[in-house]
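Reader: I am new to this one. Can you walk me through how to read it?

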Amino acid sequence: MERKRAHALAQRPMKMKTTHSSEEILDITRQRESSAANTFRTTDSPPVFTSGQGAWLATTTGERYLDLVCGSATSNLGHGHPAHRAAVVRALDTGIIHTGTRLPSAFRVELYERLASILPARLACFQLVNSGAEAVEAAIKVAQYVTGRQRLLSFAGGYHGRTLGALSVTHGARIREPFSTLDRIVDFLPYPCAADSTGSSHDTQACLAALDARLAELADAGDPPAALIVEAVQGVGGVIAPPPAFLAGLQLRCRAHGVLLVADEIWSGFGRCGEWFSFQRSGIEPDLVVMGKALSAGLPLSAVAGPSDILKAWPPGMHTSTFQGNPLSCAMAVATIDTIRTEGLLNRAKNTIEVLLRRRLAPLDELRTVREVRVVGAQAAIELVDEDGVPDADRVGRLQRRCLDERLLVYGGGRHGNALILVPPLVIDEADLGSALERIAALVGDRVASRRQGK
Ligand SMILES: Cc1ncc(COP(=O)(O)O)c(C=O)c1O
């Protein structure tokens, strides 16, 4: 009965009762929010949404926007999913928001069982934390603890978060260099990509040879790495999927040198790449997997998965955080996993959304100002260059604003900030996505889109 009611409520988008008008919300945010927050990154006047349903977000005045950002790969089930609502209601109905880190919880146990059911059998032990960056921190710490080593390997184009430890293995110099990160113990190695617009080109063998050379140097210096962290598909870095042989090569070398292989699935997990986790596309088995974002659809939760001989090797309290594994977040995560299963969303990402993205965006590859279109599962990157072939990050900003005028939310990323990135919810209606792609293609092709989307 209760479940039915929750479902019925979630069927219709609920308008939030706001205490402030949209203008007041923008004004107060401008005055009071740290400038490091991203709110005004795309435009001075972003839309203020007060309701959401499926792939759509709506403002107080009823303007509807199609969400092709998904809260940075978080809302894989779309907005207002009845299963999420029911899960939160169930958790709230217990009257317990959180009991801290020192007591067990039924919600955590349900999540452990679900996670174990979608991961390789060896990775059946978990450390829950709150954000993607914090999961990366926990993975780095446990790797250093169990190996007794300090050094870390990461890759060009990799993004792993912005707390100091996670930032240390994040490649982007603009966001890393102003801070006192762990540079002295981190090496960035080349990641396979076709020759990009700056002329750097790395094939699998060249990348593995660079890794071999660095591993040999570090072994000679008596300073072998504790861990190598990799995105099996780089997301924010521009939707780049390296050949499976690269990932297999990493695994081989990690095992040979006693280095823990950490797969960062924070962006690419939970169906984004058409599998539960993107490393499954290449058949490798990492030692540690970090996940977050879509796991709990926006409630703070992330996790490190690993074998018990690693995650039970450190003593209680070595890594803990007050909110870790709170019931609401765990209930959301259980509902996410169950819904991906029951709605066949892995299959949908691979066989419906990926196919549509490829079909509609492929013609853009012909344009002089598009260096490459890449589609991996339910995400796409359109890498933009100017007439001289130089990465054109400014145009990404302009296109994002044009898309906003068309009531489409799109993302920007890529190694040089020059990729327009599309990250639709896995539940998006095919007609809605098809029509949006048509208009995005028109904008990228500099043709004036004639229609405005809205239902
Ligand atoms: C691959 C990857 N790792 C880590 C992070 C950091 O996650 P969070 O922003 O939750 O700290 C992100 C965020 O975009 C990511 O894409």
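Author: Start with Lys293. Lys293 is buried, because 26 other C-beta atoms lie within 10 Å (buried means 20 or more such atoms within 10 Å, exposed 12 or fewer, partly exposed in between, with C-beta atoms placed from the backbone). This is a predicted model, in which local features need pLDDT of at least 70, side-chain atom pairs count only at pLDDT 80 or more, and totals for chains, interfaces and linings use all residues. Residues are numbered from 1 along each chain as its sequence is written.

Reader: Where does Lys293 lie?

Author: Lys293 sits in the loop between β9 (288-291) and β10 (302-306) (strands are DSSP runs of E, at least two residues; helices are runs of H or I, at least four; both are numbered from the N terminus).

Reader: What should I look for in phi?

Author: Most residues other than glycine have a negative phi. Lys293 is not a glycine, yet its phi is positive, about 40°. Arg407, also not a glycine, has a positive phi near 60°. Arg407 is in the loop between α14 (393-405) and β13 (408-409).

Reader: Why does Arg407 count as partly exposed?

Author: Because Arg407 has 19 C-beta neighbours inside 10 Å.

Reader: And is Asp27 buried or exposed?

Author: Asp27 is exposed, because it has 12 other C-beta atoms within 10 Å. Asp27 lies in helix α2 (residues 22-32). Its C-alpha atom is 9.6 Å from that of Ser45, 18 residues apart along the chain.

Reader: How do I describe two packed helices?

Author: Use the angle between their axes and the distance between the axes. Here, the axes of α4 (residues 82-93) and α12 (residues 327-342) come within 8 Å and cross at roughly 145° (axes are lines fitted to C-alpha atoms, for helices over the stretch in contact; angles run from 0 to 180 degrees between N-to-C directions).

Reader: Which residues of α4 and α12 meet?

Author: Among them, Ala83, His84 and Ala87 in α4, and Pro327, Leu328 and Ala331 in α12 (contact means C-beta atoms, placed from the backbone, within 7 Å).

Reader: What are the domains of the protein chain?

Author: Domain 1 is 2-73 + 344-444, and domain 2 is 84-342 (the bounds come from an automatic or database domain assignment). Their C-alpha centres lie 25 Å apart. In all, 34 residues of domain 1 are in contact with 27 residues of domain 2.

Reader: How many residues surround the ligand?

Author: There are 15, and the closest are Gly132, Ala133, Gly161, Ile266 and Trp267 (a residue counts if its C-beta atom, placed from the backbone, lies within 6 Å). Helix α6 (residues 132-147) gives the largest share of this shell, three residues.

Notes:
Contact = placed C-beta atoms within 7 Å.
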